[in-house]
Amino acid sequence: MNLERYEYDQLDESTYRFYSVGRNGTFEMRVQFAEMGYRSYNLGFGVVDPESDWLDDLVELRNGDTQTILATVTRIALDFLASHEGVSLYASGSTPSRTRMYQMGLNRVLPQLTDYSIAGLIAKRDLSPDTLGNYQNWKGEWQEFRGGVPYKAFLIFKGKLLT
């Protein structure tokens, strides 16, 4: 990937750290991978609250480096996939606008990811009475990622998508 990105370091098996540097200052960012089930991990990232050490994925830095942050997270995700053979990564934005932003980023790097497959989730939120609290219970299907389709989530893995 030939995009500008930040240097990062690996803190443990599933946590990486880098720093956003821009017009509003320097902020510690972390990328964390949480196992969801058999060989599948959730990719989460955000700003670290310096007081609580909590990862906040709702902060809007407006630091002028969004593309550099996304390129760094993509590089970390590809490194994680390379060191964890046969796993897939699930990602979705914490808000619909962030999911759209991630999709635009994926569109930009997709031609460079020839060894990987990306699937997008076409879905509607299930608002049935069985849904608990604010938990998003999606009903839909995964398909090969294409530009211009409004996806709710993404799945990336090394290899080819079986259709």
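Hi everyone. Before anything else, keep in mind that what you see above is a predicted model.

Let's begin with the overall layout. The protein chain contains 2 helices and 9 strands. If you walk along from the N terminus, the order is β-β-β-β-β-α-β-α-β-β-β. There are 163 residues in the chain, and 41% of them are buried. Now, take the contacts in the chain with a separation of 6 or more: 56% of those join residues 24 or more positions apart.

Next up, helix 1, which covers residues 66–83.

On to empty space. In general, you find it by rolling a probe the size of a water molecule over the atoms, which shows where space is left. Here I'll pick the second largest pocket, with about 380 Å³ of space in it. Its lining has 20 residues, and the ones closest to the centre are Val59, Glu60, Thr66, Arg98 and Met101. Which elements give two or more residues to that lining? They are strand 4 (40–48), helix 1 and helix 2 (96–109). Helix 2 gives the most, with 4 residues. By type, the lining of this pocket splits into 9 nonpolar, 5 polar and 6 charged residues.

Staying with helix 2, have a look at Thr99, which sits in that helix. Is Thr99 buried or exposed? Its relative accessibility is 6%, so Thr99 counts as buried, since the cut-off for buried is under 20%. If we skip its neighbours within four places in sequence, Thr99 is in contact with Ser92, Gly93, Tyr151, Lys152 and Phe154.

Last one: Lys158, in strand 9 (residues 154–158). Along the chain, Lys158 and Ala82 are 76 residues apart, yet their C-alpha atoms are separated by 8.1 Å. Again leaving out neighbours within four places in sequence, Lys158 is in contact with Asp115 and Tyr116.

Technical notes. Residues numbered from 1 in each chain as written. Predicted model: local features only at pLDDT ≥ 70, side-chain atom pairs only at ≥ 80, totals over all residues. Heavy atoms only, no water. Expected span 1.5 Å × (residues − 1). Buried < 20%, exposed > 50% of the residue type's maximum accessible area, 1.4 Å probe, protein only. Contact = heavy atoms within 4.5 Å. 1 Å grid on protein atoms, 1.4 Å probe; cavity = no way out; pocket = protein on both sides within 12 Å on 5 of 7 lines; lining within 4 Å. Points joined across faces, edges and corners; volume = space filled by probe spheres on them. Nonpolar A, V, L, I, M, F, W, Y, C, P; charged D, E, K, R; others polar.
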